Amino acid sequence: MNVPLADAGPDHPPSGVLASDAVVLEFQNPSGTYFAHDLPAPGRYEVLITSGAGLWRYRIGDEVEVTGFFEGAAAGLGRAPMFH
């Protein structure tokens, strides 16, 4: 559920920006539950998904690491988390 943007390098893992146009994603860790725009970085989170097909807060068992943020303000896109 991300679009690859950054290759692996000596200082960072490969990362991609969240593709969030088809589902609602929430991210949970022991500190709380967050929507994508509220995620603290860096951090590791379990993914909760809600879809228009009837799934509601479904735990898919995946864990992601927030590696930073894609800043698309110049294109009017705002800020989106990047994941590994």
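Mentor: Start with one term. A salt bridge is a side-chain nitrogen of Lys or Arg within 4 Å of a carboxyl oxygen of Asp or Glu. Here, the side chains of Arg44 and Glu63 form one, at 2.7 Å from N to O. Arg44 sits in strand β5 (residues 43-50) and Glu63 in strand β6, 19 residues apart, and the pair links distant parts of the chain. Keep in mind that this is a predicted model.

Trainee: How many salt bridges does a search of the whole structure find?

Mentor: It finds 4. Arg44 has a salt bridge with Glu65 as well, at 3.4 Å from N to O. Then look at Glu46 and Arg59: their closest N and O atoms are 3.0 Å apart. Glu46 is in β5 and Arg59 in β6, 13 residues apart.

Trainee: Which residues do shared partners join into one network?

Mentor: Salt bridges with shared partners join Arg44, Glu63 and Glu65.

Trainee: Where is confidence lowest, and where is it highest?

Mentor: It is lowest in strand β1 (residues 2-6), with a mean of 62. It is highest in strand β4 (residues 32-35), at 92.

Trainee: How many helices and strands make up the secondary structure?

Mentor: There are 0 helices and 7 strands. Along the sequence, the pattern reads β-β-β-β-β-β-β.

Trainee: How do strands pair up?

Mentor: Look for bridges between them. Strand β6 (residues 58-71) pairs with β7 in the antiparallel sense, over 5 bridges. For example, Glu71 has Arg79 in β7 as its bridge partner. Strand β7 (residues 79-83) is mostly covered, with 4 of its 5 residues buried.

Trainee: What makes a residue buried or exposed?

Mentor: The cut-offs are simple. Buried means under 20% relative accessible area, and exposed means over 50%; partly exposed lies in between. Of the 84 residues in the protein chain, 30% count as buried. The accessible surface of the chain is about 5400 Å², and 55% of that belongs to carbon and sulfur atoms.

Trainee: Then why does Arg44 count as partly exposed?

Mentor: Arg44 counts as partly exposed because its relative accessible area is 48%. Arg59 is partly exposed too, also at 48%. Glu65 has 25%, so it is partly exposed. Glu46 has 22%, so it is partly exposed as well.

Trainee: Is Gly43 buried or exposed?

Mentor: Gly43 is buried, because its relative accessibility is 17%. This residue lies in strand β5. Beyond four places in sequence, Gly43 touches Val64, Glu65 and Val66. Gly43 and Glu65 are 22 residues apart along the chain, yet their C-alpha atoms are separated by 5.6 Å.

Trainee: Where is Glu26, and which residues does it touch?

Mentor: Glu26 is in strand β3 (residues 24-29). It is buried, because its relative accessible area is 12%. Leaving out residues up to four places away in sequence, its contacts include Thr33, Tyr34, Phe35, Glu46 and Arg57. With Arg57 there is also a polar contact between side chains, at 3.0 Å.

Trainee: Can we try a residue in a loop?

Mentor: Take Leu55, in the loop between β5 and β6. Its relative accessibility is 41%, so Leu55 counts as partly exposed. Outside four places in sequence, Leu55 is in contact with Ile49 and Thr50. Now compare sequence with space. Leu55 and Val23 are 32 residues apart in sequence and 9.9 Å apart from C-alpha to C-alpha.

Trainee: What share of the contacts comes from residues 24 or more positions apart?

Mentor: They account for 31% of the contacts with a separation of 6 or more in the protein chain.

Technical notes: Residues are numbered from 1 along each chain as its sequence is written. This is a predicted model: local features need pLDDT of at least 70, side-chain atom pairs count only at pLDDT 80 or more; totals for chains, interfaces and linings use all residues. Side-chain values use heavy atoms; hydrogens and water are left out. Helices (H or I, at least four residues) and strands (E, at least two) are DSSP runs, numbered from the N terminus. Buried means under 20% relative accessible area, exposed over 50%, partly exposed in between (1.4 Å probe, protein chains only). A polar contact is a pair of N or O atoms within 3.5 Å; within protein, one must be able to donate a hydrogen and the other to accept it, and residues adjacent in sequence count only if both atoms are side-chain atoms. Contact means heavy atoms within 4.5 Å. Two strands pair if DSSP finds at least two bridges between them. pLDDT is the predictor's confidence in each residue, from 0 to 100. Accessible areas come from the Shrake-Rupley method with a 1.4 Å probe; for residues, only the protein chains shown count as cover.
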